[in-house]
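Please open the structure in your viewer and keep the selection tool at hand.

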Amino acid sequence: MFGLNAISAHNGWTMAVVGAAIVFSGLMVLSFVISQIHKLLTFWDNKNRYFNNGAEKKAPPPQAPAQTPPAPVLCPSDLPAMAILYRPLVESLETPFQLTDLYTLAQEHDFPHPHLTLTCFRQANFLIPQGNGYFTWNEPEENPTD
């Protein structure tokens, strides 16, 4: 027996229809899953909200803003006292002098943060620019430590 008669005799038409139905059903399920994947990704992104409901409902402690780290101190707290420390160094240099020379001397004497201190001296007009990278020392007349 060959051909269409053999297919009919062994339930070939039924198996073909069932096979096509199974493949079609699988494709429908796959297309449904793919169409809903954006919801799955949204759920994945917000999984902490769904699984940690108790933890997220807690209000932050009122001290939380106070726990922010303090702003770094940019200048020495007592700049006139630092000027007294730097005065012998400045007196050992020729007038006008370059900041690099004063910086080198401060590093040789292990002064803390010489770059920051020199910047603060410039901002506080202890160091007056004379042009071409040269500076003069301008000590304030009032000295609170004397």
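Three strands form an open sheet in the order 1-3-2, and their pairing is antiparallel. Select strand 1 (97-98) and strand 2 (127-131): these are the edge strands, each of which pairs on one side only. In general, strands of a sheet pair through backbone hydrogen bonds, either parallel or antiparallel.

Next, select strand 2 together with strand 3 (residues 134-137). The two pair in the antiparallel sense over four bridges. Within this pair, Pro 129 stands opposite Phe 135 of strand 3, and Ile 128 stands opposite Thr 136 of strand 3.

Which residue takes a positive phi in the hairpin of strand 2 and strand 3? Select Asn 132: its phi is positive, near 55 degrees, in a hairpin that has two residues between the strands.

Now turn to strand 1 and strand 3. They run antiparallel and are joined by two bridges. Select Phe 97, and you will find Phe 135 of strand 3 opposite.

**Second stop: helix 6 and helix 7**

Two packed helices are described by the angle between their axes and the distance between the axes. Select helix 6 (residues 79-91) and helix 7, which pack at an angle of about 120 degrees with their axes 10 Å apart. Because of this angle, helix 6 counts as oblique to helix 7. The crossing of helix 6 past helix 7 is right-handed.

To display the contact, select Tyr 86, Leu 89 and Val 90 of helix 6, then Leu 102, Leu 105 and Ala 106 of helix 7. By class, the contact of helix 6 with helix 7 comprises six nonpolar residues, no polar and no charged.

On helix 7, the contact is made by Leu 99, Leu 102, Tyr 103, Ala 106 and Gln 107. On helix 8, select Pro 114, His 115, Leu 118 and Arg 122. How many residues of each class does the contact of helix 7 with helix 8 have? There are six nonpolar, two polar and one charged.

**Last stop: confidence**

Finally, colour the protein chain by pLDDT. The mean is 82, and 80% of the residues reach 70 or more. Where pLDDT is low, the predicted coordinates should not be read in detail.

Notes
Residues are numbered from 1 along each chain as its sequence is written. This is a predicted model: local features need pLDDT of at least 70, side-chain atom pairs count only at pLDDT 80 or more; totals for chains, interfaces and linings use all residues. Side-chain values use heavy atoms; hydrogens and water are left out. Contact means heavy atoms within 4.5 Å. Ala, Val, Leu, Ile, Met, Phe, Trp, Tyr, Cys and Pro count as nonpolar, Asp, Glu, Lys and Arg as charged, and the others, Gly among them, as polar. Two strands pair if DSSP finds at least two bridges between them. pLDDT is the predictor's confidence in each residue, from 0 to 100. Axes are lines fitted to C-alpha atoms, for helices over the stretch in contact, and angles run from 0 to 180 degrees between N-to-C directions. Angles under 35 degrees count as roughly parallel, over 145 as roughly antiparallel, 65 to 115 as roughly perpendicular and the rest as oblique. A crossing is left-handed if the near helix is turned anticlockwise from the far one by less than a right angle, and right-handed if clockwise.
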